[in-house]
Each structure stands twice: as structure tokens, then as C-alpha cells.
Amino acid sequence: MSADTQGDVLLVEDDPGDATLVEEAFAATEGDTRLRVADDGYEALHYLKRAGNADPDALPDLALVDLQLPGKDGCELLEAIRADPQLRCLPVIMLTGSDDADDVRRCYEASANAYLTKPTDLDGFVAIAELIERFWFDHVQLPPVTQSP
């Protein structure tokens, strides 16, 4: 990843310890990833809709979403994102502690872009952060943001 690569990520994570690990992981990379944290699905959806309505360019480049969230779980959030014409192209990566095959299937059926199981230590989180930055910010061409009617 180049040092001047920038990306905006919405992290949806209710566990403060995991949120801190993700923040530290992105801080340890060479990229300039800006992280916004929402601690439940309702807060995340509210933020995305508000940002998209105010300025579609303010939407994050991707969302990292935990599956096990209070209220609206990660898959329900994903379904709400995919149902919204302004948000449906937002890349959503599930980053969760579950490796249950039914959870994996459910998220892919709801159109997750990827499903990653959380590592157990900071080095593992740094490796994931570097891969996300390298792939999503250096190589993937994302669709242009569209205004809602």
C-alpha cells in the first residue's frame, strides 16, 4: 500500500476492546485510513443515511460490520444497506467472531462483499487492516456515488 492511500471506513462494533484493536491496527499501517465507529446497527444506519443525504461524497468507502450487534444485528444492517438505493453499492465486510457456517451463508445471501473472522491478537488485526487497505483502497474500482432522487 502506498503511504498516500486514503480511505474512510465505518466500523460497526459494539465491543470497545475490539473497536480499539481495529483502530490500533489501522493506525499501525502505512495508509491513511480514517475510521468512524458506530456501536450498533441503528447508529450506523442513521449515520449512513444522514451522511448520504447531506453529501454523498461523505459516505465511507466501506463498512466493517460485526455480526453480533445489539438491536439490529450486522446482517440486518447489511440488508438495510442493500435495500437503500443510495447505499446499496457500499462495500460491506463482515468482521465477526463467528465462524458458524449458517452465519457465513446468511451474510453472503444478504450480499456481503466478504466475511472475515476476527483474529485473536493485534498482529492479526494489523494483517487484516493492511489487506483491506491494499485491496479496497489501492486496487478496487468503486462505483461513483449517486444522489438520491
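**Briefing: cores and salt bridges**

Ile 81 touches Leu 45, Leu 48, Leu 87, Arg 88, Leu 90 and Val 92, leaving aside residues up to four places away in sequence. The model is predicted. Its largest nonpolar core has 26 residues. A search of the whole structure finds 8 salt bridges.

**Annotated domain**
- An unreviewed UniProt entry annotates residues 8-133 as "domain: Response regulatory".
- Over residues 8-133, the chain is 45% helix and 20% strand. The end C-alpha atoms of this stretch are 10 Å apart.

**Nonpolar cores**
- Within the largest core, the residues with the most contacts are Leu 10, Leu 48, Val 65, Ile 81 and Met 94.
- Two or more residues of this core come from each of strand 1 (6-12), helix 2 (41-54), strand 3 (62-65), helix 3 (74-83) and strand 4 (92-96).
- A second, separate core has 18 residues, including Ala 25, Val 126, Ile 128 and Trp 136.

**Salt bridges**
- Glu 13 and Lys 118 form a salt bridge at 2.7 Å, N to O. Glu 13 sits in the loop between strand 1 and helix 1 (16-27), and Lys 118 in the loop between strand 5 (114-117) and helix 5 (122-139), so the pair ties together parts 105 residues apart in sequence. Both residues, Glu 13 and Lys 118, are buried.
- Lys 118 also forms a salt bridge with Asp 66; their closest N and O atoms are 3.6 Å apart. Asp 66 lies in the loop between strand 3 and helix 3, so this pair with Lys 118 ties together parts 52 residues apart in sequence. Asp 66 is buried, with a relative accessible area of 5%.
- Glu 13, Asp 18, Asp 66 and Lys 118 are linked in a salt-bridge network.
- Arg 34 pairs with Asp 32 in a salt bridge, with the closest N and O atoms 3.7 Å apart. Arg 34 is partly exposed at 37% relative accessible area, and Asp 32 is partly exposed at 33%.

Conventions:
Residues numbered from 1 in each chain as written. Predicted model: local features only at pLDDT ≥ 70, side-chain atom pairs only at ≥ 80, totals over all residues. Heavy atoms only, no water. UniProt positions renumbered as here; feature names shortened; annotations may be inferred. Helix = DSSP H or I, 4+ residues; strand = E, 2+ residues; numbered from the N terminus. Core = buried A, V, L, I, M, F, W, Y, C linked by side-chain atoms within 4.5 Å. Buried < 20%, exposed > 50% of the residue type's maximum accessible area, 1.4 Å probe, protein only. Contact = heavy atoms within 4.5 Å. Salt bridge = Lys/Arg side-chain N within 4 Å of Asp/Glu carboxyl O.
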